[in-house]
Structure formats: C-alpha cells, structure tokens
There are 2 protein chains.
Amino acid sequence: MAAAGRTYWLTEPCRIRREDNSLRIERADSTPVRLPITDIRDLVTFDHVDINTAAVSLLGRHGVVVHILDHYGNYAGALMPAEDMSSAQVVRAQVELTADPARRAAIARSLIAATAANVRWALETDLLDGPLAALDGRLAAAESSEELMGAEGTFRRSAWGVFDTILPAWLRLDGRTRRPPSNAGNAFISYANSVVYGRVLTALRATPLHPAIGFLHADTDRRRNTLALDLAEPFKPLFAERLLRRAAAQKSLRPSDFEADVGAASLSREGRKKVSVMMREELASTVFHRTLKRKVSYEELIHLEALKLVRLCLEGTPYTPFRPWW
Amino acid sequence: MAAAGRTYWLTEPCRIRREDNSLRIERADSTPVRLPITDIRDLVTFDHVDINTAAVSLLGRHGVVVHILDHYGNYAGALMPAEDMSSAQVVRAQVELTADPARRAAIARSLIAATAANVRWALETDLLDGPLAALDGRLAAAESSEELMGAEGTFRRSAWGVFDTILPAWLRLDGRTRRPPSNAGNAFISYANSVVYGRVLTALRATPLHPAIGFLHADTDRRRNTLALDLAEPFKPLFAERLLRRAAAQKSLRPSDFEADVGAASLSREGRKKVSVMMREELASTVFHRTLKRKVSYEELIHLEALKLVRLCLEGTPYTPFRPWW
C-alpha cells in the first residue's frame with residue numbers, strides 16, 4: 001500500500017476506471033473524481049461498484065486493495081493485488097508466538113481483560129465494577145483456556161444483564177443470542193459486531209499477518225479468521241454496546257427498524273440503512289492520539305492495533321490491547 | 001471453492017452480473033451465458049472485465065476466486081472472498097516443515113532434480129544426460145543451500161548452452177539474462193515463465209498454503225511469493241523451453257514478434273498476443289493421468305501439484321515434484 005496514501009470510502013454506486021496513473025471514479029449526477037494512484041492507501045466500497053481490468057491492473061501494480069462491502073455493510077470480498085503484503089518473516093514469528101502456550105495465553109488473557117474493561121467503559125455504569133474486579137482475579141489465576149473462557153463467560157453474562165437495566169423493554173437482550181439473534185437488541189449487536197469484524201479483517205489484510213492464526217479463538221476450524229475475531233473483541237463494545245445504548249437514550253431506533261419472527265429477529269431494510277450510517281459516522285469520528293500527537297479516527301485505531309501486532313511479531317514489542325483513553 | 005465446479009476462462013471482454021444464484025456473463029455480439037454459481041470453481045479473466053458488487057457478493061459467499069490477468073497474460077490481481085481458504089493448521093505445518101533445515105533441504109533438492117530432469121525432457125536431447133548425472137551426484141553430496149544452488153547453476157549453464165545448439169541464431173539465448181532479457185530468446189523465456197508463475201500462484205491461492213513460505217527460494221525478502229517461485233520451477237521447462245523449441249522448429253516466431261533495444265528485448269504487441277495464445281493452448285492441452293484415470297490439462301496438473309503440498313503439510317505424505325510421465 002502507498003504509505004502516504006489514505007483510505008477512500010466510496011459510499012455511492014460508482015464506476016472505477018483508469019486514466020493514466022489515476023483512478024477515475026464516476027458517479028451518477030456528479031462530475032468524475034480523479035484520484036492519483038499514489039494518493040490511495042485503500043478503497044472501501046459500500047454500494048454497487050463496477051470496475052474494469054485496466055483499473056485492476058493499476059491498483060495491483062501499486063498494491064492497493066479494494067474492500068467490497070455489500071449494501072448492508074457486510075464484508076463481501078476484496079480485490080487483492082497479485083503480490084500482497086506477504087512476509088514469511090512475520091508469519092513465521094506469528095506461528096511461533098501462537099504455538100507457545102504461555103505467550104499465547106498471556107495475550108488471550110489481556111484481550112479478555114481489555115474487552116471487559118471496554119464493555120464497562122461503553123456502558124458507563126459502576127454496576128460492572130464488581131464483576132470486572134472478579135474477572136481480573138479469575139484471569140490472573142486461570143491456567144487453561146477453558147478457565148479463561150469460563151471467566152469471560154461469567155463477566156459477559158453479568159454485563160448483558162446490567163445492559164438490560166439500561167435498555168427499554170423492547171430492546172432488551174435477555175441474554176446474548178446469535179445465529180439467529182432472538183430479538184431486536186441482539187440483532188443490533190450482531191450487525192454492529194459483523195461490521196467491526198469486517199473492518200478488523202480489512203486492517204489485517206493491509207499487514208503481513210495471517211488472519212487465521214490467532215491467540216484467543218480456537219484455530220482448529222477451517223475458514224475462520226481467528227486473529228480477526230481476536231482483534232475485533234476489544235473494539236466491539238465501542239460500536240455494538242455503545243451505539244445501542246446511545247440509540248436507546250436518543251430514541252433513534254424504532255420497532256419498525258426490525259423484522260421479528262418466532263425466536264429470530266433481524267434489521268429491516270430501513271433499519272440496516274440507519275445502523276449502517278451510525279456505524280460509518282462512528283468509524284469516522286476522531287480522538288486525539290497521545291503518542292501520534294494528532295487526531296485519529298476510530299477506523300484508524302483499528303489499523304494501528306493491527307500494526308501493534310506486527311511489531312509484536314517482528315520486534316517483540318509487548319502487545320497491550322486497545323482501551324479507550326478518553 | 002465449489003469442489004465439483006470447474007475453472008471458466010473468460011478470454012473476451014465481458015461484463016459479469018448476478019442473476020439469482022447464477023452469474024450472467026455478457027459479451028458483445030453474443031447472447032449472455034448463465035453459469036450457476038455452484039458449477040464454478042474459479043474464473044480466470046484474460047481481457048477487460050467489468051463486475052459489480054452484487055456479483056462479487058455471490059462469488060464471495062461461495063468462495064469463488066476471480067483471477068484477473070491483464071491483456072498480456074500477466075497476473076494483475078485476484079478478487080478474493082472475505083473468507084478465503086485460510087487454514088491455520090496447514091500454515092502452522094508449513095512453517096514447521098520449512099523451518100526444519102533437513103526437511104527443507106530434502107524438498108529443495110528434489111525440486112532442483114525434477115526441474116533439471118524436466119529441462120532434459122523438454123529439450124529432448126541426450127547431450128544433457130551427462131550434466132544431469134553430474135547434477136544428481138552433486139545434489140546427493142550437497143549439504144548447504146549454497147552447494148545446492150551451485151550445483152543447479154552449473155547444470156543450468158550447460159542446459160542453456162545445449163539449447164543454443166538447437167535454436168536458430170536469432171533466437172539463441174547466449175546465456176540466461178533477466179530484468180531485462182538481453183535478446184529475443186530470453187524475452188520469450190521470461191514471458192512464458194511469468195505466465196507459469198501466475199498460474200502457480202493461482203493454484204496456491206485455491207489452497208490454504210501460504211504462498212510466501214517456501215523451500216528452495218530464500219524467504220527473507222518481503223513481497224516475494226517464494227512457494228510460488230518454488231512450485232513454478234518444475235513446470236517452467238514444460239512451457240518456456242518446450243514452446244520456444246517448438247516455435248523454432250515450426251518457424252512460428254518472427255523477428256517482428258520482438259522489440260529489441262541495446263542489451264534489452266521484449267515481445268512486441270503482436271508477439272505477446274501470439275505467445276499468449278501458445279501458452280493458453282498449451283495449458284489447456286491434456287494428458288492421461290495414471291492415478292486419477294482420466295485426462296487432465298496441464299493447467300490442472302499445476303493445481304494437483306499444489307494439493308500434493310497440502311497433503312505433505314496435513315498428512316505428511318512425501319512430496320515428489322512433478323515430472324512428465326508421458
């Protein structure tokens with residue numbers, strides 16, 4: 001990727017064509033935009049996109065990835081250059097690190113602790129201080145991954161219960177349910193979590209890390225990007241829990257934003273649009289970064305997190321999972 | 001990838017759209033073709049292609065990769081599903097295997113031996129029997145990778161010299177030169193080798209193997225797909241040496257198929273078209289496979305070779321690099 005370039009978000013249907021060493025982005029009812037290829041780090045497309053081989057070749061030569069989200073924000077696929085960010089050195093270090101039970105458990109433990117702290121942060125309630133302290137104690141004592149998962153499960157159940165005391169009746173979770181979510185609140189959480197997962201996978205694909213070799217999630221299944229699942233954990237509460245809480249407080253969601261069936265709920269078409277706008281705005285919102293001494297978007301925080309893992313693998317720099325500092 | 005599906009080669013400019021659970025391939029001056037998604041293993045596009053998000057989503061959900069070659073047959077990039085063929089288990093085994101100097105050297109040695117035998121096969125001359133026997137002796141005795149590479153280099157120099165005795169003066173190599181090729185013969189070899197490399201990378205991307213973790217080529221460089229370079233070795237003579245020899249015998253190449261500069265030569269536009277047709281036809285030609293008991297294309301042989309490496313990693317099945325048996 002072009003180090004100096006930036007991420008371009010294409011939120012409207014468009015055609016991508018090549019014009020010399022630039023991309024020409026053509027949209028209905030507006031004049032085409034010309035982006036010099038060297039200014040582009042990556043492209044994220046949110047709606048119908050139509051791209052031809054000439055543009056693909058130019059993107060490929062400059063190592064620019066196009067991430068394709070479908071209309072509802074789900075990660076549909078990516079257009080990858082022939083030579084991607086492969087680095088045998090990083091993958092070898094990643095395999096070695098994750099194959100060492102003690103080092104792997106230490107990182108799994110820190111991911112669970114940070115995620116729980118971020119849930120506490122997102123819900124802004126001292127009702128979780130007790131469960132959080134109990135979790136920290138159990139994590140320190142845990143020796144097996146079953147014990148780690150057990151401690152996390154206990155905290156999570158407390159947190160979902162506390163969350164229900166904040167939510168209006170129709171949005172209450174009544175416990176976390178997936179595949180399918182059993183009610184509106186769970187449908188919201190599932191949707192937001194899948195967008196976060198997509199952004200984390202995007203960030204990992206811009207590094208030489210292998211997305212399927214992780215620390216916390218078991219990697220025995222094929223086709224599971226366990227590192228992406230791991231890295232998504234500490235970010236999910238920032239979006240799922242936090243936005244649901246905010247939407248409840250601001251009454252910005254309505255029952256008509258969901259479609260409910262017996263024991264299964266999903267966002268309606270209108271609801272998906274609404275939540276996808278919420279997510280996009282939240283990803284673009286910025287905070288001041290103390291080390292970089294500049295404003296960074298939540299989106300960029302996810303990329304920075306992936307780079308922390310690269311430094312862990314290449315330089316042994318200790319990895320401390322993301323926690324909001326603001 | 002759909003196990004039962006097959007590879008579709010799109011050799012003309014086309015538009016790819018979605019129609020229910022099928023792809024609709026639209027070409028100028030012909031009726032659209034409908035391909036049920038479950039019938040497709042992967043798509044290889046050779047010319048301008050124009051694809052939209054709806055089609056990308058369908059491809060992604062079914063794990064179908066679109067390999068995009070540019071007009072001249074160079075690998076431009078790939079459209080990859082969100083969840084690709086990742087398997088932590090295979091990559092872990094691959095890293096472990098390639099990190100073991102003895103096992104790594106054994107595979108490097110067998111790749112060099114098979115490649116040399118395939119050069120001998122492609123040139124069909126007993127003038128190489130002596131150098132081949134000398135190589136086998138040196139490989140058996142070699143202990144370092146420098147010694148392996150040295151033995152290979154000696155054989156290769158003999159082989160290029162012998163090749164020149166078969167070629168007409170204007171196509172003679174006068175030693176192998178790259179970046180840039182110094183003359184027409186070298187330009188042909190470079191072009192054919194890069195197409196083979198692209199097909200090998202394609203085959204690897206359809207497996208969980210990491211293309212940058214190899215046996216023979218050093219993997220200290222970033223952005224080098226060393227496993228793809230390794231696996232391309234035994235196949236290159238089948239295309240580069242063999243087709244150049246055939247083209248010389250059939251007088252199917254002309255000096256006007258090349259553009260020559262001082263110390264640098266390349267295929268002309270017409271020459272590239274001609275050689276790209278040769279390559280495509282050769283990749284599609286078939287031989288009877290003794291174990292599978294059916295005809296397979298050269299293209300498929302490359303895919304089968306990648307699967308042999310998967311079995312090596314997953315099941316420890318000894319890997320014997322490809323040699324023509326016909």
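In the predicted model, the axes of helix α2 (residues 88-98) of chain A and helix α2 (residues 88-98) of chain B come within 10 Å and cross at roughly 105°. Axes are lines fitted to C-alpha atoms, for helices over the stretch in contact, with angles running from 0 to 180 degrees between N-to-C directions. That angle makes α2(A) roughly perpendicular to α2(B) (65 to 115 degrees; under 35 counts as roughly parallel, over 145 as roughly antiparallel and the rest as oblique). Val91(A), Arg92(A), Val95(A) and Thr98(A) meet Val91(B), Arg92(B), Val95(B) and Thr98(B), where contact means heavy atoms within 4.5 Å. Ala, Val, Leu, Ile, Met, Phe, Trp, Tyr, Cys and Pro count as nonpolar, Asp, Glu, Lys and Arg as charged, and the others, Gly among them, as polar.

Residues are numbered from 1 along each chain as written, and chains are lettered from A in the order in which they are written. Local features need pLDDT of at least 70, side-chain atom pairs count only at pLDDT 80 or more, totals for chains, interfaces and linings use all residues, and side-chain values use heavy atoms, without hydrogens and water.

Within chain B, helix α3 (residues 101-123) and helix α5 (residues 145-166) have axes that come within 11 Å and cross at roughly 10°; α3(B) and α5(B) are therefore roughly parallel. Among the residues in contact are Ile112(B), Ala116(B) and Val119(B) of α3(B), and Phe155(B), Ala159(B) and Phe163(B) of α5(B). The contact has 11 nonpolar, 1 polar and 3 charged residues. The axes of α3(B) and helix α4 (residues 129-141) of chain B come within 10 Å and cross at roughly 175°, which makes α3(B) roughly antiparallel to α4(B). Arg109(B), Ile112(B), Ala113(B), Ala116(B), Ala117(B) and Arg120(B) meet Asp129(B), Leu132(B), Leu135(B), Asp136(B) and Leu139(B). This contact of α3(B) with α4(B) comprises 7 nonpolar, no polar and 4 charged residues.

In chain A, helix α3 (residues 101-123) has 23 residues and reaches 33 Å from its first C-alpha to its last, close to the 33 Å expected at 1.5 Å a residue. A side-chain oxygen of Asp100(A) lies within 3.0 Å of the backbone nitrogen of Ala102(A) at the start of α3(A). Following α3(A), Glu124(A) has a positive phi, near 50°.

How values were computed:
Helix = DSSP H or I, 4+ residues; strand = E, 2+ residues; numbered from the N terminus. Expected span 1.5 Å × (residues − 1). Polar contact = N/O pair within 3.5 Å; in protein donor to acceptor, adjacent residues only side chain to side chain.
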